[in-house]
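Please read the following note with the sequence and the model in view.

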Amino acid sequence: MNNPSKRVPDPSRRGFLLSSTLAVTALALGCARKSEAAAPAKKVAPGKVALVEFSNDGRRLRTVQADKVVKTDAQWRRQLSPLAFQVTRHADTERAYTGPLLNVHDKGVFRCICCDTALFDSATKFESGTGWPSFWQPIARQNVVEKTDRTFGMTRTEVSCARCDAHLGHVFDDGPRPTGLRYCMNSAALRFAKA
């Protein structure tokens with residue numbers, strides 16, 4: 001007769017628990033493939049950021065450790081137009097088709113309006129039909145920061161300046177070759193430096 005106080009473990013459940021425990025242990029020990037994003041970043045001094053400097057004709061000059069630019073809202077307000085302040089410091093968006101850089105196609109570099117860091121080369125600008133300046137890649141990956149933005153009930157990828165944290169716009173995966181990306185930027189966040 002079976003004793004109800006003594007339960008015999010279910011073999012299928014035991015096997016599941018054992019295989020689950022082994023899988024979790026393997027992941028914890030690093031058996032899973034690590035992405036490039038998990039690779040250790042170059043060491044940068046506190047308060048510094050590694051950037052690539054460019055001439056106005058898009059020529060790569062050198063990689064530098066530049067000071068992060070940190071200012072108060074009052075200091076940014078003195079430096080920027082009201083629209084540039086709202087866009088760059090408070091992640092606002094200019095109205096489509098109103099930005100002065102939408103139809104700029106000269107050879108040159110688009111720089112951060114806040115700190116003058118080179119962000120996009122005019123050679124990567126394309127007509128997206130969205131009403132904002134669009135580029136298929138940044139001038140250097142180190143010069144921009146991408147992070148998840150979950151505002152307005154959607155998930156997007158926000159793009160900011162690496163040196164001063166200015167909000168620039170968002171990147172989408174509906175762009176042209178060779179990257180398939182569309183960096184949709186606000187004109188108010190950029191300054192065009194003609195070659």
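In which sense do strand E9 and E10 pair, and over how many bridges?

1. This is a predicted model, in which local features need pLDDT of at least 70 and side-chain atom pairs count only at pLDDT 80 or more, while totals for chains, interfaces and linings use all residues. Residues are numbered from 1 along each chain as its sequence is written, and side-chain values use heavy atoms, with hydrogens and water left out.

2. Strand E9 (residues 167-172) pairs with E10 in the antiparallel sense, over four bridges. Strands (E, at least two residues) and helices (H or I, at least four) are DSSP runs, numbered from the N terminus; two strands pair if DSSP finds at least two bridges between them. Within this pair, phenylalanine 172 stands opposite arginine 182 of E10. The loop between E9 and E10 contains proline 178, which a cis peptide bond joins to arginine 177, with omega at about 10 degrees.

3. E10 also pairs with strand E6 (residues 134-135), again antiparallel, over two bridges. Here tyrosine 183 in E10 is the bridge partner of phenylalanine 135.

4. In a regular strand the side chains alternate between the two faces of the sheet. In E10 (residues 182-185), Arg182 and Cys184 point one way and Tyr183 and Met185 the other way, and all are buried. Buried means under 20% relative accessible area, exposed over 50%, and partly exposed in between (1.4 Å probe, protein chains only).

5. Strands E1 (residues 48-54) and E2 (residues 60-67) run antiparallel and are joined by seven bridges. Glutamate 53 has arginine 62 in E2 as its bridge partner. Five residues lie between the strands of this hairpin, in which glycine 58 takes a positive phi near 85 degrees.

6. How many disulfides does the structure hold? The number is zero, a disulfide being a pair of cysteine sulfur atoms within 2.5 Å. The sulfur of cysteine 112 has its closest cysteine sulfur, in cysteine 164, at 3.6 Å, and this is too far for a bond. Cysteine 115 is likewise in no disulfide, and the nearest cysteine sulfur, that of cysteine 161, is 3.5 Å away. Cysteine 112 is buried, with a relative accessible area of 1%, and cysteine 115 is buried at 14%.

7. Positive phi values also occur in residues other than glycine. Alanine 91 has phi near 55 degrees; this residue is in the loop between helix H3 (82-90) and strand E3 (108-112), and is partly exposed at 43%. Aspartate 116 has a positive phi of about 70 degrees. The place of aspartate 116 is in the loop between E3 and strand E4 (118-121), and aspartate 116 is partly exposed at 35%.
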